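The sequence and structure are shown first.

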Amino acid sequence: MRLLKLIPDNTNIPFLKWRNIAMGLSILLIVGSIALVAIRGLNFGVDFAGGLMMEVRFEKPAQLDDLRTTVNSAGAGAGNLQTFGDPRTVSIRLPLPPGDDAAVQKVVSAVQAKIKADNPDAQFRRVETVSGKVSNELIRDGALAMALAMLGISIYIWFRFEWQFGVGALFALIHDVALTLGFFALTQLEFDLNIVAAILTIIGYSLNDTIVVYDRIRENLRKYRKMGIEEVLNLSINETLSRTIVTSISMMIALGTLVVLGGSVLFGFSVAMLLGIVIGTYSSIFIGAPILMWLGVSPQSFVPSDANDPDAKLKAKLAAERGQV
Amino acid sequence: MLDFPRWKVWAIVLTILAAIVFTLPNFLSEEQAAALPKGVPSQQLNLGLDLRGGSHILLEADPADVRKARLETLEETVRQELRGANGGPIPYQDLSVRDGSVSFTVRNPGDVDRAVETMRALSRPVGQLSAQRDIEVNLADSTRVSVRPSAAGLADETDKAMAQAVEVIRRRIDELGTREPTIIRQGETRIVVQVPGLQNPEALKALIGKTAKLEFKLVDVDADPALAAEGRAPPGSQVVPNAEGGGVLVVKRRALITGDQLIDSQPSYQDGIPVVSFRFDSVGGKRFAKATQENVGKPFAIILDGQVISAPRINEPILGGSGIIQGNFTTESSNELAILLRSGKLPVELTVIEERTVGPDLGADSIRAGAIASVLATLFVALFMIITYGRFGVYSVVALFLNALLVFAVMSALGATLTLPGIAGFVLTIGAAVDANVLINERIREELRKGRAVVASIETGYKEASRTIFDANVTNVIAAVIMFWFGSGPIKGFAVVLTIGIVTSVFTAVTVTRLLVSWWLQSKRPQALLL
């Protein structure tokens with residue numbers, strides 16, 4: 001029996017050689033994503049935009065243009081329609097009518113009656129209304145959660161490693177989150193609470209990758225104190241490459257299944273996660289590691305692990321000074 | 001590596017047995033689970049509203065509303081207290097509500113001290129320990145007394161009103177006969193209502209959103225209709241919109257009687273037309289009798305939430321303490337009003353600020369899609385692990401299935417709620433749970449490549465990978481905890497599954513596989529390892 005080996009043994013790919021190109025590309029992508037989000041904006045779902053949302057399922061693939069005319073004829077304002085997961089399921093978004101709940105109920109009934117008249121087979125599967133007050137809170141909480149997660153994780157890494165690693169991790173995270181947001185601005189897929197959950201998970205898992213690489217870098221820095229930093233970084237990435245690829249593929253298998261079979265509600269979430277895994281894997285190799293070099297990580301950054309004597313720190317400092325002279 | 005302490009083996013076996021025991025109730029019907037003897041785990045996994053279908057409604061009260069209501073009652077209390085003060089009535093003028101306080105001018109400067117004393121006697125301590133009072137009495141100038149509800153008093157008032165509102169809503173929803181509604185307060189001024197498996201969410205909203213404040217007031221027949229149309233009414237009267245015939249009606253401000261004293265209300269028919277019958281308690285009945293006796297021949301208005309629903313003439317005194325309300329009712333709306341009146345009025349007006357209703361079809365579809373995706377994802381990942389790592393891949397697959405079992409067991413034992421994002425979290429956990437095994441196996445591969453012996457390689461592999469596994473999972477837990485804190489409803493469900501999955505996966509992927517490997521090493525004493 002032969003086992004599957006996706007990555008050959010003892011690879012020696014000079015990842016760090018491409019650091020400038022990779023970094024340039026990433027910065028370009030980050031700037032592009034921010035620009036996209038600023039110009040096109042995110043297609044906020046009712047969670048964040050407030051308003052009224054209905055999910056309707058038809059027997060046949062829906063004709064969006066006809067349906068839009070029907071919805072608009074109900075006199076409840078211009079509807080925002082899009083298919084949702086599959087062509088038979090449509091989400092309709094409408095602004096919240098002024099007034100109380102009775103007014104909302106009137107709009108819902110009016111739109112449903114209009115659609116029913118043209119499509120007797122229509123099934124109304126979900127209705128959500130979110131007031132402006134609640135949607136603002138959800139935006140605030142979502143943004144705060146993302147910022148806190150990034151910060152919290154970076155601080156943890158700073159404690160467990162060195163400050164350079166914390167900064168590197170934070171930058172890799174900003175990269176991943178920015179690109180994911182950029183993707184949503186580009187595709188105009190609906191951005192709702194589930195997507196925020198997906199991004200938070202991406203933050204966790206992208207870091208998972210980065211940490212595995214960082215952990216190996218730390219180990220190798222201690223082990224090969226005479227080796228140049230670029231060599232150590234390359235070695236560490238190559239040594240962990242097989243694991244990085246195997247884990248990413250197993251996650252992609254799970255998420256790919258979810259994208260295809262998970263149903264309409266989870267579609268955006270699964271796509272975001274899948275994308276996040278790809279970006280996260282890339283960033284831990286091409287962003288997380290090179291940053292350490294630019295931030296001046298060297299074998300002297302770590303107190304020798306074999307020495308338990310109290311002078312170790314001093315010796316390391318002296319060694320560092322000697323190295324500079 | 002070879003020596004695996006006996007207690008550890010037992011701990012693992014017991015954990016797995018416990019997991020099986022806690023998972024089993026999920027395979028029973030609800031009735032069977034409820035019939036299990038005490039002491040046997042019978043907790044089942046809860047399904048979230050997005051999976052079973054149902055409505056989630058978030059209601060909010062306006063604290064300004066509470067303050068307004070408080071000031072209105074306070075004004076009436078002040079009036080009564082001044083009239084019935086110790087040592088004779090205190091003459092006053094210009095009693096009004098202004099800038100969040102009730103104030104009045106004492107006519108005789110000599111009465112000022114007595115008025116202040118009378119007002120001070122009205123105040124009550126807030127809470128049991130604090131020295132704060134619910135109202136503050138001050139002199140605005142030499143003869144003007146102001147009585148202001150304190151912030152602490154208002155907060156206490158709001159708190160009580162919200163607690164009462166939860167009870168009223170519970171009574172109303174119970175009338176619908178739905179099972180397992182969840183009604184909880186959220187923060188200071190919000191109430192979350194969750195009702196699973198509802199066929200008609202509109203009926204629910206109609207019931208919980210209405211204040212149902214019922215008042216009987218005399219119609220002010222002397223009021224000028226032209227002025228009333230402009231919204232102006234003579235002193236002591238007010239303009240109220242008329243739901244029955246359109247337009248407005250002018251009524252006396254003071255209510256003859258309110259719905260607070262109702263003890264029962266039922267939908268009924270009179271001459272084939274739907275009406276609502278009501279009955280007062282004995283005190284209310286007497287007041288109603290007296291009021292109708294004094295006003296025979298005059299029209300009065302029955303006002304619900306500030307709208308006239310009917311304005312009949314009092315033909316004869318109503319002495320029995322019961323009567324009927326006619327209006328433009330349908331069978332449904334008469335039933336609805338009867339329920340509202342029976343369950344009492346909301347002490348504070350509530351508005352719906354968020355509503356999510358999922359139809360039962362969508363819920364069923366989501367469960368089916370989620371279940372298929374979970375099973376297939378597990379199979380695919382298992383297959384991938386086996387072709388990548390062979391024997392060690394099989395061990396991680398065993399760990400993977402145990403992990404799935406443990407996640408279910410922990411969630412059932414905690415009575416946690418499984419939501420659709422929760423299922424996504426589960427699928428994700430499957431992909432991620434193997435990560436620990438990947439780390440270990442890759443490390444063992446490396447050590448083998450360096451030419452180390454099998455046992456030594458495995459030993460180093462587990463030891464070196466453990467630190468990485470710990471660090472990597474802590475970051476995931478940080479993300480999940482933050483999600484749990486900030487997330488609402490379904491997101492919380494996702495965070496719960498993720499956290500449980502991370503913890504159990506470390507156990508199964510590291511400890512359990514290690515046991516399996518050590519058994520293999522002991523029985524076969526392999527000289528070479530294919531990895």
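A crossing of two helices is called left-handed if the near helix is turned anticlockwise from the far one by less than a right angle, and right-handed if clockwise. By that rule, α7(A) passes α9(A) in a right-handed crossing. The model discussed here is predicted.

**Helix packing in chain A**

- Helix α7 of chain A spans residues 193-223, and helix α9 of chain A spans residues 267-294.
- The axes of these two helices are 8 Å apart and meet at an angle of about 30°.
- Angles under 35 degrees count as roughly parallel, and α7(A) is therefore roughly parallel to α9(A).
- The contact of α7(A) with α9(A) consists of 15 nonpolar, 11 polar and one charged residues.

**Helix packing in chain B**

- Helix α4 (residues 63-83) and helix α5 (residues 112-122) of chain B have axes that come within 10 Å and cross at roughly 130°.
- With that angle, α4(B) and α5(B) are therefore oblique to each other.
- The crossing of α4(B) past α5(B) is right-handed.
- On the α4(B) side the contact is made by B:T77, B:E81 and B:L82, and on the α5(B) side by B:A115, B:T118 and B:L122.
- By class, the residues of this contact of α4(B) with α5(B) are three nonpolar, two polar and one charged.

**Contact between chains A and B**

- In this contact, 64 residues of chain B meet 62 residues of chain A.
- Elements of chain B that give two or more residues to the side touching chain A are α7 (201-209), β17 (350-358), α11 (360-414), α12 (420-449), α13 (454-486) and α14 (489-524).
- Helix α11(B) supplies the largest share of that side, with 17 residues.
- The side of chain B that touches chain A contains 37 nonpolar, 14 polar and 13 charged residues.

**Strand pairing across the chains**

- Strand β5 of chain A (residues 123-130) pairs with β17(B) in the antiparallel sense, over five bridges.
- Within this topic, A:V127 stands opposite B:T357, a residue of β17(B).
- Strand β17(B) is also among the elements that give two or more residues to the side of chain B touching chain A.

**Overall form of chain B**

- Chain B has 14 helices and 18 strands.
- Its radius of gyration is 35 Å, whereas a compact globule of 531 residues would have one near 24 Å.
- Taken along the principal axes, the C-alpha atoms of chain B fill a box of roughly 110 × 65 × 45 Å.

Definitions and conventions: Residues numbered from 1 in each chain as written. Chains lettered and ligands numbered in written order. Predicted model: local features only at pLDDT ≥ 70, side-chain atom pairs only at ≥ 80, totals over all residues. Axes fitted to C-alpha atoms, helices over the stretch in contact; angles between N-to-C directions. Helix = DSSP H or I, 4+ residues; strand = E, 2+ residues; numbered from the N terminus. Parallel < 35°, antiparallel > 145°, perpendicular 65-115°, else oblique. Contact = placed C-beta atoms within 7 Å. Nonpolar A, V, L, I, M, F, W, Y, C, P; charged D, E, K, R; others polar. Pairing = 2+ DSSP bridges. Rg over C-alpha atoms; globule rule 2.2 N^0.38 Å.
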